[in-house]
Amino acid sequence: MQSDRRIVNLALIGFMGTGKTSVGRHVAEHLGFEFLDTDELIQSHTGRTIADIFAKDGEPAFRELERKVVQELSTREKTLISTGGGLPTNEENLEALKSFALVICLWASPEKIWERVKNQSHRPLLHDADPQKKIRELLAAREPFYKQADVLINTDLRSVREAAQQVTLQYKLATRQKR
Ligand code: S3P
């Protein structure tokens with residue numbers, strides 16, 4: 001690991017529906033960390049929903065809000081940061097996250113993702129004529145970014161509790177190695 005890294009937080013990256021929020025909440029509770037979600041931060045800063053920002057201002061404006069939120073998080077400690085699925089596609093965000101957090105990617109197959117998100121309606125990118133195809137395409141395009149995480153955890157066959165245990169273990173190992 002790079003020596004200029006300060007691993008004092010945990011960041012979860014990964015596609016929509018991989019369990020970042022549910023797993024993240026478990027891990028935060030277990031480690032005594034504060035839980036923060038970049039989508040929630042954007043919504044509270046702007047007073048608007050993510051869907052409204054996408055619809056009225058477009059995706060690039062949303063990505064800029066994400067970038068600003070990541071910069072704001074750099075002074076934090078003992079925080080579990082759950083990130084929006086597209087956030088790590090900006091290399092600057094990944095680099096910033098790595099400077100102050102262990103970055104763990106939660107992975108899942110397109111089939112599993114679809115199973116988990118199909119009854120939810122709040123994600124503008126999945127408002128598509130063929131959402132399953134959209135998931136496959138986006139996941140393939142984003143894979144190179146997700147794979148830059150420090151650790152990749154497949155959640156296909158893991159319960160939220162099991163995935164949370166893995167994340168916690170990896171954080172403990174990474175921080176012990178540093179000392
Ligand atoms: C997005 C994922 C969403 C949210 C926005 C865009 C994406 O977050 O940031 O709808 O580009 O994958 P979740 O991954 O928490 O659903």
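Helix 1 (20-31), helix 2 (38-46), helix 3, helix 4 and helix 6 (110-117) each contribute at least two residues to the lining of the largest pocket, where helices are DSSP runs of H or I with at least four residues, numbered from the N terminus. This is a predicted model, in which local features need pLDDT of at least 70 and side-chain atom pairs count only at pLDDT 80 or more, whereas totals for chains, interfaces and linings use all residues. Residues are numbered from 1 along each chain as its sequence is written, and side-chain values use heavy atoms, with hydrogens and water left out.

A pocket is an open set of points on a 1 Å grid over the protein atoms alone, where a 1.4 Å probe fits, with protein on both sides within 12 Å along at least five of seven lines, and its lining residues have an atom within 4 Å of a point. Volumes are the space filled by probe spheres set on the points.

| Pocket | Volume | Lining by class |
|---|---|---|
| Largest pocket | about 620 Å³ | nine nonpolar, 14 polar and nine charged residues |
| Second largest pocket | about 150 Å³ | two nonpolar, four polar and two charged residues |

Of the 32 residues that line the largest pocket, Met16, Lys20, Asp39, His122 and Arg123 lie nearest its centre. The second largest pocket is lined by His26, Val27, Glu29, His30, Arg161, Ala164, Gln165 and Thr168, and the elements giving two or more residues to this lining are helix 1 and helix 8 (160-178).

The axes of helix 3 (residues 50-57) and helix 4 (residues 59-72) come within 7 Å and cross at roughly 130°, which makes helix 3 oblique to helix 4. Ile50, Ile53, Phe54 and Asp57 of helix 3 meet Glu59, Ala61, Phe62, Arg63 and Leu65 of helix 4 in this contact, for which heavy atoms must lie within 4.5 Å.

Three aromatic pairs are found in a search of the whole structure. The ring centres of Phe33 and Tyr171 are 5.4 Å apart and their planes stand at 85°, so the pair is edge-to-face (centres within 6.5 Å, planes over 60 degrees apart).

Note on methods: Axes are lines fitted to C-alpha atoms, for helices over the stretch in contact, and angles run from 0 to 180 degrees between N-to-C directions. Angles under 35 degrees count as roughly parallel, over 145 as roughly antiparallel, 65 to 115 as roughly perpendicular and the rest as oblique. Ala, Val, Leu, Ile, Met, Phe, Trp, Tyr, Cys and Pro count as nonpolar, Asp, Glu, Lys and Arg as charged, and the others, Gly among them, as polar. Rings of Phe, Tyr and Trp (its six-membered ring) pair if their centres lie within 6.5 Å; planes under 30 degrees apart count as stacked, over 60 as edge-to-face and the rest as tilted.
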